[in-house]
Amino acid sequence: MIMASRRAPLVLLFFLAFVSLFAVHASAAGAESTFLLAAARTRRKDPLAGLRYHTGGWNISSEHYWASVGFSAAPVFAAAGIWFAVFGAALFLAGCCYCCCPSRSTSYSRAALVISLLLLLVFTAAAAVGCAVLYDGQGQFHGSTSATVDYVVKQSGDTVDNLRTFTGYLEAAKAAGVGPVSLPDDLKGRIDDVVHKVGSASDVLAARTASNSAKIRNALDAIRKILIVLAAGMLILAFAGLVLSACGLESLVYVLVFLAWIMVAATFVLCGTFLLLHNVVGDTCEAMGEWVRHPQEHTALDDILPCVDTAAATEALSRGKEVNYRLVAVLNGVISNVSNADFPPGAPPSPPLYYNQSGPPVPLLCNPYTPDLRDRACAPGEVVGPDAARQAWRANVCQTTGIAGSEVCATTGRVTPSMLEQMVGAANAVGKDHCPGLGMYSEQVYRGLLAVAVAVLLSVLLWVVHSRERRKRSDAREMELVAPAPPMYRHGYRVEEKALPHSPRRPSM
């Protein structure tokens with residue numbers, strides 16, 4: 001039951017993350033005052049309101065919310081447009097100049113040749129690192145979303161089974177009787193109507209679940225394939241450009257430049273898309289946390305989830321409070337009865353209760369709830385939150401001796417390193433909102449795409465510079481080999497070539 005309560009926000013978040021992509025035009029009007037979800041996080045500039053800050057909070061039904069969150073990714077989309085337009089125009093002008101007035105200059109710069117090669121190696125390595133980050137991020141993103149889809153499908157299947165079991169009970173009740181005495185015919189007719197409606201509802205739910213899960217899986221698989229192909233293509237493109245430009249194959253380099261022009265623009269567009277997704281998921285995570293903490297408030301979710309009543313929200317809140325209270329109580333019990341316990345001097349260590357602990361007591365973790373699940377103020381000396389707990393408990397860690405699981409403190413302290421990790425893990429479980437890894441992994445994909453796009457963009461410019469310098473140096477060397485040697489002069493007079501000393505002078509032509 002505890003795992004189910006923890007998983008519930010996952011289902012809601014996953015549902016909203018995909019519904020939000022199609023709910024832009026829904027109405028959000030309401031006469032009563034609305035509690036703003038994630039108001040601080042969603043305070044972004046709104047281009048539809050004259051670049052004033054959006055103050056409506058998280059609301060996927062509002063076009064102003066989508067305009068503000070889309071504007072946060074505008075710089076990346078603008079970079080894609082500028083790159084595509086400016087570099088495309090530069091390629092066109094370069095092609096026209098090459099066809100109309102070709103020139104074969106042989107002057108080159110050794111410094112430009114060496115520096116461009118060094119920078120090209122650096123940016124190619126950066127592109128390789130970005131591709132690795134992108135590949136790992138897409139795998140984590142796909143795994144996280146697939147796991148959430150699996151859980152949603154399982155819960156939907158359980159619901160369908162429960163509905164069908166319920167219809168089975170109704171059928172059994174309709175057939176019940178003692179001898180010739182049974183239920184009235186009109187009641188049997190009403191039972192048939194209920195069975196038909198419930199059966200139809202379960203069939204529709206099963207069909208929609210199968211259809212939607214298949215569409216989501218197909219979309220996730222398509223996204224994964226696009227990211228893998230893009231990572232592999234950009235990596236191959238970066239290394240191919242490095243090799244061809246180092247060899248001075250300028251014509252082939254220009255073919256790669258044309259391909260890179262399109263692929264870099266596509267990478268910037270994908271980068272902006274994942275930045276937009278990352279911001280929406282982050283907003284949704286925070287909004288879900290505030291919604292769970294304020295179930296009685298009228299929020300933007302009331303227009304999206306009208307079936308959620310006060311009783312269901314109160315039950316979910318109570319169960320979440322109970323989980324948090326029990327986790328903190330268990331953790332503080334270990335601190336009070338084990339870590340802060342004082343044993344007689346000279347008593348032999350007997351892990352795990354007595355491991356030679358000594359020194360100042362370990363502060364307790366603040367429990368935000370009382371045993372009857374009412375709000376509780378933190379007592380003096382208690383630490384609030386996992387980050388503060390880690391900092392406070394770290395001062396009580398001792399150096400240990402002995403094997404793992406039976407460590408004994410060799411210095412002053414009341415917490416062993418292994419105990420610290422377990423205590424911090426429990427504190428993190430208390431503060432964790434069980435939001436899936438969509439936000440973290442979408443950010444990793446976004447950063448990987450941005451690194452690859454910038455690295456390959458700069459590499460493209462260096463391909464052109466380095467290949468031209470290579471070609472100029474090669475042309476200069478060929479000219480030196482073909483050109484005749486200049487005549488020699490001594491004291492202002494031309495010295496004629498002689499075959500041997502004292503040989504007769506050649507006849508003048």
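Modeller: What follows covers the disulfides and their cysteines. The model is predicted: local features need pLDDT of at least 70, side-chain atom pairs count only at pLDDT 80 or more, and totals for chains, interfaces and linings use all residues. Residues are numbered from 1 along each chain as its sequence is written, and side-chain values use heavy atoms, with hydrogens and water left out.

The whole structure holds 2 disulfides (a disulfide is a pair of cysteine sulfur atoms within 2.5 Å). Take Cys-366 and Cys-378. Their S to S distance is 1.8 Å. The angle about the S-S bond is -85°, a left-handed link. Cys-366 and Cys-378 both sit in the loop between helix H7 (310-339) and helix H8 (386-394), 12 residues apart. Helices here are DSSP runs of H or I with at least four residues, strands are runs of E with at least two, and both are numbered from the N terminus. Cys-366 is buried, because its relative accessibility is 9%. Cys-378 is partly exposed at 39%. Buried means under 20% relative accessible area, exposed over 50%, and partly exposed in between, with a 1.4 Å probe and protein chains only.

Now Cys-398 and Cys-409. Their sulfur atoms lie 2.0 Å apart. The torsion about the S-S bond is about -60°, so this disulfide is left-handed. Cys-398 is in the loop between H8 and strand E5 (400-401), while Cys-409 belongs to strand E6 (residues 408-409), 11 residues apart. Cys-398 is buried at 2% relative accessibility. Cys-409 is buried too, at 3%.

Two further cysteines deserve a look. Cys-247 is exposed, with a relative accessible area of 53%. Cys-271 is buried, at 0%.
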